[in-house]
Amino acid sequence: MIALRLLASAVAACLAAVGVAHAQDATSLKKQMPGQWELSTTERSKTCVVTLKGDAAGQGYKLELEPACKTALPFTKDIVAWSVKGLDIVRLQDATGEAVIDFTEVEAGIFEGLRQGEGVYILQDLAAARSMAKSMDQMIGDWSMVRGNGQPICGLTLTNTEAGPDNFQVFLKPKCDATIAQFNPTQWRLERGQIILMSKSGDAWQFEADDNAQWRRVPDTADPLIMLRQ
């Protein structure tokens, strides 16, 4: 009996500790969120500035949407407040407290939310989002693909011409290596720090920046494929 009591006490203490940790997680998130955020489609073709506040408002906290939000992202017309649900869900909610869209953190300061039938939306710190936009502008122009030995095998041009939701046109130059020509990318986007090239068939190649200001295809191989800005 004593052993059972000790076990029950230990379990209760463990559950209490978990509860405290969970409460701290939610509390930390509530303190982290007030400020200016950008709500956008995944590649920022449509954006909206949201200011989250710490003042209570009905079943959540106050927020402000810039006037352009309702045109850029029509669903935002129903958003009147924000709250933290559970451990890690940031909710943008309507007047009844129901979710217009729920976000979870996927990277430090970057949250993703899904609206059924529409797709994925991103909520991220406004300054960081604008910095990323500047980075994307720097991607536009002529590039060369080379092997690890430095041998050029293809030239391509990344443009800012829209080619479907959140993607942009890319054009290969003549006389590309057979592997590149067969892949034949027609669209690109910048996503979570990666350049994504996509073919008509839906195949995708990912490139990540390395320490030498080059973009290497991932996962890496013994004969790497590298993109260099021209």
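Is F111 buried or exposed, and what is its relative accessible area? I looked this up and found that F111 is buried, with a relative accessible area of 0%; here buried stands for under 20% relative accessible area and exposed for over 50%, with partly exposed in between, using a 1.4 Å probe and protein chains only.

Before going on, I noted that this is a predicted model, in which local features need pLDDT of at least 70 and side-chain atom pairs count only at pLDDT 80 or more, while totals for chains, interfaces and linings use all residues. I also noted that residues are numbered from 1 along each chain as its sequence is written, and that side-chain values use heavy atoms, with hydrogens and water left out.

**Entry on aromatic pairs**

I took rings of Phe, Tyr and Trp (its six-membered ring) as paired if their centres lie within 6.5 Å, calling planes under 30 degrees apart stacked, over 60 edge-to-face and the rest tilted. By this rule I have a count of five aromatic pairs. In one of them, the ring centres of W37 and F111 are 5.7 Å apart and the planes stand at 75°, so I wrote the pair down as edge-to-face.

F75 sits in the loop between α2 (69-72) and β4 (81-85), whereas Y121 is in strand β8 (residues 119-125), 46 residues apart. Both F75 and Y121 are buried.

**Entry on disulfides**

I found two disulfides in the structure. C48 is joined to C69 with an S to S distance of 1.8 Å, and the torsion about their S-S bond is about 85°, so this disulfide is right-handed. Because C48 lies in strand β2 (residues 47-57) and C69 in helix α2, the bond ties together parts 21 residues apart in sequence. C48 and C69 are both buried.

C154 and C176 form a disulfide with sulfur atoms 2.0 Å apart, and its torsion of about 55° makes it right-handed. Both cysteines, C154 and C176, are buried.

Conventions
Helix = DSSP H or I, 4+ residues; strand = E, 2+ residues; numbered from the N terminus. Disulfide = S-S within 2.5 Å.
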